[in-house]
Each structure stands twice: as C-alpha cells, then as structure tokens.
Amino acid sequence: MMQPNTQNSLAHYHLPGLFEFYELYKIFLPLWKQHRDWFYPWCDIASIYGSPADCLWGGGRAGFGEADAGEVLSLLKEFGISARLTFSNSLLRNEHLEDKKCNELCRMFSKDGRNGVIIHSDLLADYIKKNYPLLYLVSSTTKVLTDFDDFESELNRAEFTYVVPDFRLNKKFDRLALLTQNQKDKVEFLCNECCNFGCTDRKACYENVSRMNLGEDVVPHKCRQPGGEGGYKFSLAQKNPGFIGIEDIQKTYLPMGFSNFKIEGRGLGSAIILEFLLYYMTKPEYQLEVRESVYLDSMLDLF
C-alpha cells in the first residue's frame, strides 16, 4: 500500500480532557515540546477538547473537569494548541441559551480566534455564530450520522470547520475515496471507540447525558450491548471494526488525503489517557521515558 509523504502529510490529533485532564497535559505538553525526538514526526496535537463540570450546554459525556478556564487557555496558548469546548447537548431550548457560565466560557475562548466549539444543536450553532463568530464549529459525533449521504451533507454545511462522523463510517473507503479534498480536510475520524459496532442505543445514550446536564431527574443510561457492562477497555477498542490504529493512519488515511483524528476518553481516567498518548504519538523506544516522566510527577493523581 502507498506510503505517506511524511514531509507533506501530517496527522492532526484532537485529544480528550481539556478540563478533565489538565494536570496530565501540564506534564505531557512540555515533554512533547522539549523531546520531539521521542514522538512520531508525522503527527501533531491540533486541539484538546472538553468541558467543565455542571455545564448546561455539555454533551457526549457528563463533564467532571474542575480546572480553571484561564489556566487551561494559558497552557494551550503556550503550546500553540486549539482549545475546544464540548457543547454537544442535543436537547437545548431557547431558554438555555442565556446560561451565564457557558456564555462566559465562549467569551473567554473567543478572544484569540484560535479556539472552537464541538456542537450538536443547530439552535446553539446559530447562537454561537451570531454572538461569538471567532469560534469555529465542529459537528459532533453525537449526531450519530451512520448514513454516508447524511454525513456528506453535513460536510457540505459551510458553518462547520470539521465534522466527526459516526465511527461506523470509518472504513467506508469506497465512499470516502470519492470525497473532494475540501471535504476530506473537514473529516475528523473518531479512532478509538469501544462501543459495540452494532449498537442501536447510541443516540439514546447521548440524549440521556444531555438530560443529565440540563439538570433533569433521569436514570443513567445502562448499556445493554454485548460487553457494555465492563466499561471502556482499550484492548477491546482495538478489536472494534471501526478502530483506526497508527498503521491505518500512516498507510491508509494519510495517503488518501485525510489528516484529522479524534481520540475519545473524556470519561476515563488519566492513566488510560496516557496510554492513548503513548500508543498514538510516542515511539516505542521512548514510551518508558514518557511513562516514567509522568508517573514520577508527584502532583498528578493518575487514578
């Protein structure tokens, strides 16, 4: 199979836990900058996404991040990385648009024109375009666009800079190959989903989280899919038919003209996020050095 031209082809990673794993990134990002020889030359960090705890507009996962927004922005600005607010609540109504906390976050994040918002609701998309035009918009995978025609229509919407398809479209190479380069540049593949490939409850699961973030009294969604009771395991994610590994990125997606790859994990612990950073970004011969540098930092609680 065709090998990528590493001088011109770069995989842009979009990493989880902007607020949730701030302490981990505060250790990892200096390593990334100071020891670039430890990491693959064909990838970079394009953005880190997440949302604080108790965020009305939040979706996808119930946010638990407690990091100060000002400190988060300062860290990412220092390393030239885009910060993304995950505001993918699918059930927002007009009265929710005036939420003080979420508007203040948008105001802060829109100052330098580098940052974005991951979004589900068209109502919120219109509101942000009008009130915070410097924030770019990302169409959320919580829309569960499993039909390729629907996904392609989403790519053609001018308001979105990126579109994250449902992971079950990751290997639709016959259709992916026919996209224009402009469309390919907007595709952001979700690489490491562990959800059962045949799951029919995915949208209901996301809506349950949206209701929780709105403060509604709901019973947490219980996964009924095979293996769902065991929680997230990276070893299982790698067996998922939609999984995108580093060889897939290098040998298939980059040569096809795709360059954006999202790593999920906001609801997980920092220890497994570190494993993602090691697998997707770190040369095998330097993984121990990165792991030791993080583990030996007494300020970080990995579990």
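## A helix end and its salt bridge

D122 is partly exposed, with a relative accessible area of 39%; here buried means under 20% relative accessible area, exposed over 50%, and partly exposed in between, using a 1.4 Å probe and protein chains only. This is a predicted model, in which local features need pLDDT of at least 70 and side-chain atom pairs count only at pLDDT 80 or more, while totals for chains, interfaces and linings use all residues. Residues are numbered from 1 along each chain as its sequence is written, and side-chain values use heavy atoms, with hydrogens and water left out.

D122 forms a salt bridge with R157, and the closest N and O atoms are 3.0 Å apart. A salt bridge here is a side-chain nitrogen of Lys or Arg within 4 Å of a carboxyl oxygen of Asp or Glu. The pair links distant parts of the chain, 35 residues apart: D122 belongs to helix α4, and R157 to the loop between α5 (148-155) and β6 (160-163). Helices (H or I, at least four residues) and strands (E, at least two) are DSSP runs, numbered from the N terminus. R157 is partly exposed too, at 22% relative accessibility.

Another salt bridge joins E188 and R84, whose closest N and O atoms are 2.9 Å apart. E188 sits in strand β7 (residues 188-190) and R84 in strand β3, so this pair ties together parts that are 104 residues apart in sequence. Both E188 and R84 are buried. In a further pair, the side chains of R175 and E152 meet at 3.3 Å, N to O. R175 is in helix α6 (residues 173-176) and E152 in helix α5, 23 residues apart. R175 counts as partly exposed at 27% relative accessibility, and so does E152 at 24%.

## Helix α4 and its buried face

Now follow helix α4 (residues 122-131), where L124, A125, Y127 and I128 are buried. Why do these buried residues line one face of the helix? Seen down the axis of α4, they fall within an arc of 165 degrees, so they line one face; the arc is that of the directions from the helix axis to the C-beta atoms. An α-helix has 3.6 residues a turn, so residues three or four places apart point the same way.

The cover over the buried residues of α4 includes β3 (82-87), α3 (100-109), β4 (116-119) and β5 (136-139). At the N-terminal end, S121 caps α4, with a side-chain oxygen 3.2 Å from the backbone nitrogen of L123.

## From the helix to strand β5

Y132 lies in the loop between α4 and β5 and is buried, with a relative accessible area of 12%. Which residues does Y132 touch, leaving aside those up to four places away in sequence? They are N103, C106, R107, S110 and Y127, where contact means heavy atoms within 4.5 Å. The side chains of Y132 and N103 are joined by a polar contact of 2.7 Å. A polar contact is a pair of N or O atoms within 3.5 Å; within protein, one must be able to donate a hydrogen and the other to accept it, and residues adjacent in sequence count only if both atoms are side-chain atoms.

In β5, Y136 and V138 point one way and L137 and S139 the other way, and all are buried. β4 and β5 run parallel and are joined by four bridges; two strands pair if DSSP finds at least two bridges between them. One of these links V117 to its bridge partner L137 in β5.

## The nonpolar cores

The largest nonpolar core has 85 residues, and those with the most contacts inside it are Y13, F87, F109, I128, F261, Y280 and M281. Such a core is a set of buried Ala, Val, Leu, Ile, Met, Phe, Trp, Tyr and Cys residues joined through side-chain atoms within 4.5 Å. Helix α1 (residues 22-34) gives the most to this core, with eight residues. Apart from this core lies another, of seven residues, among them Y136, V138, V164 and L190.
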